[in-house]
Amino acid sequence: MNANRHETSGPTRTQQITLRGPAELADALPFMLGFHPTDSVVLVALHGEHGRFGGRVRLGIPGSSREWASTADHLAECLVEGGARAGARPDGIVVFLCQDPAPGETGRRVMERLRPFAQRLRTACGALDIPVYEALCISDGLYFSYCCPDARCCPPDGTPLALSGTTVMAATAAYAGVRVRGSLRDMEACLKPTGGPGEEGQRAALDVAAASLVPRILEDPEGRQRAETRERTLTLAREILRRFTNPKTPKTPQIPKTPQTPPTPQSSKTPQPPQALKDAKTPSRPSNPTGLTPPGRALTDTPEGATTDAADDALITSEEAAALILGLQDRITRDRAAEWMEGWEGTAALRLWRVLARRCVAPYQEYAAAPLTLVGWTAWSTGDEPTARVALGLALAADPEYVFAQLLHQACNEGLDPESLRSCLRSERDARTAPEQPSTTSSRRVRMRASRRQGTRPALGRAGRPTGARDRRAAAGVRPGGPATGRPGGGSPQHGGQRGTRSGR
């Protein structure tokens with residue numbers, strides 16, 4: 001089988017190697033995904049006579065065996081339909097089941113326990129006329145084949161995985177600059193609350209911010225307070241972006257003041273997040289719907305990364321984080337924040353969104369969908385697809401109906417180019433800021449404009465929506481509900497800005 005690492009610059013930079021047998025397939029999996037997929041089921045499409053790697057889908061292994069049949073059907077359909085939309089229906093599929101043993105469990109026991117799931121995946125792919133060439137279980141440093149009957153190459157007790165960095169795939173990946181970022185569990189941990197003594201203070205700050213900001217976002221028929229809250233949120237976010245680029249500058253956390261809502265007498269129970277910002281139609285979900293093992297501690301793939309996360313956390317107070325988390329529940333605010341996607345702004349914004357995702361403590365976990373989606377978008381825009389997929393997966397775990405995350409997750413998995421969406425966001429930003437430029441120009445321009453003859457006022461388009469914007473958006477391939485549909489700077493408030501509705505996401 002041939003493993004291609006696709007480069008957007010063209011086919012001349014494509015790196016090709018040949019994988020022979022289950023051992024090299026198991027070794028190649030982390031390099032294909034960019035991380036070690038703990039507690040995951042992965043399907044990889046194969047194309048052509050030589051089995052060239054194509055699209056792939058990954059999902060957490062469901063904790064209940066009753067969900068295996070529906071999960072298998074869903075994954076097979078996603079992989080095949082995604083390939084068909086891209087014009088390359090798979091000719092075959094490779095299945096990977098990756099799960100660490102529970103305490104007292106062996107790798108072989110894990111393999112036997114997951115065997116019915118593997119068989120159901122093979123049946124689901126076969127129902128779509130796509131054969132499964134190999135199905136592997138990876139557990140406890142061993143791999144097992146569900147397809148190979150030869151005990152000489154695939155013994156029942158498993159075969160040890162190759163040592164890290166000693167295989168042809170590892171050497172080729174190192175030459176091509178491909179890096180494995182650690183385990184999926186560790187990547188997810190650095191985007192989740194870490195616990196500890198500071199969590200209670202963050203929860204209290206979120207309670208106070210919710211009592212102040214939620215009425216301004218939802219209970220404002222004229223939209224004036226909502227617009228003021230939007231500007232305060234973005235101003236605070238810009239200040240923190242500059243703080244990240246120059247952390248030695250003394251921190252002056254000035255939270256934009258908003259009128260305080262008189263507290264309502266409540267019971268002594270732990271305050272819950274306001275239900276007005278939640279989708280009333282969303283059914284109750286388990287706290288871990290993907291079946292992923294909860295992380296024990298917050299780590300990135302390197303010790304330096306963990307140090308950077310801790311330093312970033314120290315640069316933002318609990319009150320600032322709470323104000324930003326609540327403010328980002330407004331769709332237009334989130335869409336304008338997505339414009340920080342390139343250069344130093346993209347680098348600093350990615351750090352900020354990661355901090356906010358870690359500050360969404362219980363019972364505000366669902367509010368993490370907005371910052372996690374911004375993590376995914378910014379990472380994808382800056383070329384970090386593994387982080388983008390992990391963050392968008394967590395966003396959908398926090399809120400499966402979050403439309404922006406759904407669209408980005410699908411686009412990222414199908415290998416689309418984020419430049420079309422970047423271009424659309426640039427157009428929206430330019431259209432919004434264009435009417436503001438005359439007020440910030442030099443006095444010389446003001447005098448020149450004042451000397452214009454009476455009755456020759458130039459014609460101006462509507463603020464935030466230049467002529468032809470709809471056509472440009474359609475050409476850029478952005479679907480309704482993405483960040484480009486948010487009309488930043490529009491004249492009237494949009495009901496879709498409420499986070500509790502499907503259109504507001």
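Where is the place of Asp140? It is in the loop between S6 and strand S7 (142–145). Asp140 has a phi near 55°, a positive value in a residue other than glycine. Keep in mind that this is a predicted model. Asp140 is one local detail; the rest of the chain can now be built up around it.

Begin with the whole chain. Its secondary structure comes to 17 helices and eight strands. The chain has 505 residues, and buried residues make up 47% of them.

Helix packing comes next. Two packed helices are described by the angle between their axes and the distance between the axes. Start with helix H2 (residues 68–85) and helix H3 (residues 107–127). Their axes come within 8 Å and cross at roughly 40°. H2 and H3 are therefore oblique to each other. The crossing is right-handed. On the H2 side, the contact uses Trp68, Ala69, Thr71, Ala72, Asp73, Leu75 and Ala76. On the H3 side, the partners are Arg113, Leu114, Pro116, Phe117, Arg120, Leu121, Ala124 and Cys125. By class, that contact has 11 nonpolar, one polar and three charged residues.

Ala124 lies in helix H3. Is Ala124 buried or exposed? Ala124 is buried, with a relative accessible area of 5%; the cut-off for buried is under 20%. Set aside the neighbours within four places in sequence, and Ala124 is in contact with Ala72, Asp73 and Ala76. Ala72 and Ala124 are 52 residues apart in sequence. In space, their C-alpha atoms are 6.2 Å apart.

Follow the chain out of H3. Asp129 sits in the loop between H3 and strand S6 (132–139). Its phi is near 65°, a positive value in a residue other than glycine. Asp129 counts as exposed, at 65% relative accessibility.

Further along, helix H7 (residues 224–245) meets helix H9 (residues 318–327). The axes of H7 and H9 come within 10 Å and cross at roughly 130°. That makes H7 and H9 oblique to each other, because over 145 degrees would be needed for roughly antiparallel. The crossing of H7 and H9 is left-handed. H7 brings Thr233, Leu236, Ala237, Glu239, Ile240 and Arg243 to the contact. H9 brings Glu320, Ala323, Leu324 and Gly327. The contact of H7 with H9 has five nonpolar, two polar and three charged residues.

Next is the loop between helix H11 (343–358) and H12, where Pro363 lies. A cis peptide bond joins Ala362 and Pro363, with omega about 5°.

From H12, the contact takes Ala369, Leu372, Thr373, Val375, Gly376, Ala379 and Trp380. From H13, it takes Glu385, Thr387, Ala388, Ala391, Leu392, Leu394, Ala395 and Ala398. This contact of H12 with H13 divides into 11 nonpolar, three polar and one charged residues.

Now turn to helix H14 (residues 403–413). Which of its residues are buried? They are Val403, Phe404, Ala405, Leu407, Leu408, Ala411 and Cys412. An α-helix has 3.6 residues a turn, so residues three or four places apart point the same way. The cover over the buried residues of H14 includes helix H10 (331–337), H12, H13 and H15. Just after H14, Gly415 takes a positive phi of about 75°.

The walk ends at helix H15 (residues 419–433). H15 has 15 residues. From first C-alpha to last it reaches 21 Å, close to the 21 Å expected at 1.5 Å a residue. Buried in H15 are Leu421, Arg422, Cys424, Leu425, Glu428, Ala431 and Arg432. H15 is also among the elements that cover the buried residues of H14.

How values were computed: Residues are numbered from 1 along each chain as its sequence is written. This is a predicted model: local features need pLDDT of at least 70, side-chain atom pairs count only at pLDDT 80 or more; totals for chains, interfaces and linings use all residues. Side-chain values use heavy atoms; hydrogens and water are left out. Contact means heavy atoms within 4.5 Å. Helices (H or I, at least four residues) and strands (E, at least two) are DSSP runs, numbered from the N terminus. Ala, Val, Leu, Ile, Met, Phe, Trp, Tyr, Cys and Pro count as nonpolar, Asp, Glu, Lys and Arg as charged, and the others, Gly among them, as polar. The expected span of a helix is 1.5 Å times one less than its number of residues. Buried means under 20% relative accessible area, exposed over 50%, partly exposed in between (1.4 Å probe, protein chains only). Axes are lines fitted to C-alpha atoms, for helices over the stretch in contact, and angles run from 0 to 180 degrees between N-to-C directions. Angles under 35 degrees count as roughly parallel, over 145 as roughly antiparallel, 65 to 115 as roughly perpendicular and the rest as oblique. A crossing is left-handed if the near helix is turned anticlockwise from the far one by less than a right angle, and right-handed if clockwise.
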